[in-house]
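Please look over the sequence and the structure shown here. The report that follows walks through some parts of the fold.

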Amino acid sequence: METMNTDSVSEEENNISSLTNNDTGENITGVRSLMELIDIVTGRNLQNTQIQEDGGYADVIPFPFMAIVGQKEMKIALILSIINPLMGGVLLIGPRGTGKTIAVRSLIDLLPDVPRSLCFYGCLEEDIEKGGLDAVCPACAKKFAMGEPISVLDRVRLVELPLNAKIDDVIGGLDERATINDRLRLKRGILAQADRNILYVDEVNLLSDDVIDAILDASAQGHYTVRRGPVSATYRSRFVFVGSMNPEEGNLRPQIMDRFGLRVVMQGLKEPKERLEAYRRVNLYLNNPYQVVNNFKDETRIAKEEIQLAREMLPKAILNDEIANLGLKLISKLKIESLRAEITLFEAAKAYAVADGRIEVTRNDLLRVAPLALRLRRSSFITDYLSQQNQEKEELDKILDEVIRHQE
Ligand SMILES: [Zn+2]
């Protein structure tokens, strides 16, 4: 079942086929780092469209991250955010149909398994390690004392916040069942369920202020506390946070915008060749998701391993004074006030360095992540953006007039 097009003539594709011309699950040789892998997978061709029964599971098999055509900046931002969640998450800004949701869903295949509680209250072994048996519910304390597991290793989940979520759904509230038993306990909210997983909020600009504030606080601190009358509880919330918005559907307040780490302004693919390739891959995926997953299984496996390595290297990453001062100069020249600018810039640069297999942050790392970390931090953004949008709309109308309306 050979699916590579090895007849391609361009230098890039020759390079790609020499690295990936196998379908047997053996290793791809010559990939030096995660960033190089991302370079390589862009533009890989698929031609075989053999159809198989998908057994009705099409919607639970994510489209492979490595099979997404183009959108390199988005891929880098998402990879950096799973390597270093301290950057404050990623905001994807763009119109519909640019693959935002597909990309976020595909991230789950790139992350290692995490312990998943077997209990309604979310008790984990790590609670006992930190706080003793009192840190978990009585049932879990009993199980643990008898040597039974209270969690299992499970794949990372994508927790998607429903658009109509209320603050009690998000942070949790009183559990009605528990109050009957004379033992007031709080119900875990979506943020606690997202701990160690990925939290995705589509249309983040349509959320109410209290909800988005709660998410951003929990994301930044890695934990949060809920108080309801005499009862309070603290939950872990160490999730990778990705928000997306379509600027045509409303603005994000500048204060909220500022709290996002990396920002990606997405556009549709420009090159007809890329658009055709994206269409082919999506079409193949819709007919036979397993085949697309299989075609990219080596890339996916390597990316997963590289991400794990990068996460382990991250605490050792070094940002020397010269590079740090360069970053500060950049921020000052751009007239950015917010302190979050340098936090994000430096944390992202560290993540970029380790993703490239290095510990020391270089000028080039700064150069690569600066647009992601620093764009849209000046307050004039929304005004400029809208004026650009209006200008584009006028141009589009004019061209529609020329090409279509005048033909009638
Ligand atoms: Zn428990």
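In which loop is Leu376 found? Leu376 is in the loop between helix H17 (363-374) and helix H18 (381-403). Helices (H or I, at least four residues) and strands (E, at least two) are DSSP runs, numbered from the N terminus.

The model is a predicted one: local features need pLDDT of at least 70, side-chain atom pairs count only at pLDDT 80 or more, and totals for chains, interfaces and linings use all residues. Residues are numbered from 1 along each chain as its sequence is written.

## Overview

The protein has 18 helices and 9 strands. Of its 408 residues, 36% are buried. A residue is buried if 20 or more other C-beta atoms lie within 10 Å of its own, exposed if 12 or fewer, and partly exposed in between, with C-beta atoms placed from the backbone. Two residues are in contact if their C-beta atoms, placed from the backbone, lie within 7 Å. Among contacts between residues at least 6 apart in sequence, 76% join residues at least 24 apart.

## Two loop residues with positive phi

Leu376 is not a glycine, but its phi is positive, at about 60°. Leu376 counts as partly exposed because it has 19 C-beta neighbours inside 10 Å. Arg196, in the loop between H9 and E5, is also a residue other than glycine, and its phi is positive, near 65°. With 18 C-beta neighbours inside 10 Å, Arg196 counts as partly exposed.

## Helix H3 and its partners

Helix H3 (residues 72-83) packs against helix H16 (residues 340-355), and the two axes come within 9 Å. The axes of H3 and helix H14 (residues 297-313) also come within 9 Å. Axes are lines fitted to C-alpha atoms, for helices over the stretch in contact, and angles run from 0 to 180 degrees between N-to-C directions. Angles under 35 degrees count as roughly parallel, over 145 as roughly antiparallel, 65 to 115 as roughly perpendicular and the rest as oblique.

| Helix pair | Axes come within | Crossing angle |
|---|---|---|
| H3 and H16 | 9 Å | roughly 95° |
| H3 and H14 | 9 Å | roughly 50° |

H3 and H16 are therefore roughly perpendicular to each other. On the H3 side, Ile79, Leu80 and Ile83 make the contact, and on the H16 side Ala348, Ala351, Tyr352, Val354 and Ala355 do. By class, this contact has 8 nonpolar, no polar and no charged residues. Here Ala, Val, Leu, Ile, Met, Phe, Trp, Tyr, Cys and Pro count as nonpolar, Asp, Glu, Lys and Arg as charged, and the others, Gly among them, as polar.

H3 and H14 are oblique to each other. Their contact is made by Ile79, Ile82 and Ile83 of H3 and by Ile307, Ala310 and Arg311 of H14. By class, it has 5 nonpolar, no polar and 1 charged residues.

Glu73 is also found in helix H3. With 17 C-beta neighbours inside 10 Å, Glu73 counts as partly exposed. Leaving aside neighbours within four places in sequence, Glu73 is in contact with Val264 and Leu372. Glu73 and Pro371 are 298 residues apart in sequence, but their C-alpha atoms are 9.5 Å apart in space.

## Nonpolar cores

A nonpolar core is a set of buried Ala, Val, Leu, Ile, Met, Phe, Trp, Tyr and Cys residues joined through C-beta atoms within 7 Å. In the largest one, of 89 residues, Leu80, Leu191, Ala348 and Ala355 touch the most other members. H16 gives the most to this core, with 10 residues. A second, separate core of 5 residues includes Cys123, Leu124, Cys140 and Ile150.

Cys123 lies in the loop between strand E2 (114-117) and helix H5 (125-131). Cys123 is buried, because 21 other C-beta atoms are within 10 Å. Cys123 and Ile150 are 27 residues apart along the chain, and their C-alpha atoms are separated by 7.1 Å.

In helix H2 (residues 34-41), 6 of the 8 residues are buried, so the helix is largely enclosed by the rest of the structure. The buried ones are Leu34, Met35, Leu37, Ile38, Ile40 and Val41.

In H10, the buried residues are Ile212, Ala214, Ile215, Leu216, Ala218 and Ser219. H10 is followed by Gly222, whose phi is positive, near 80°.
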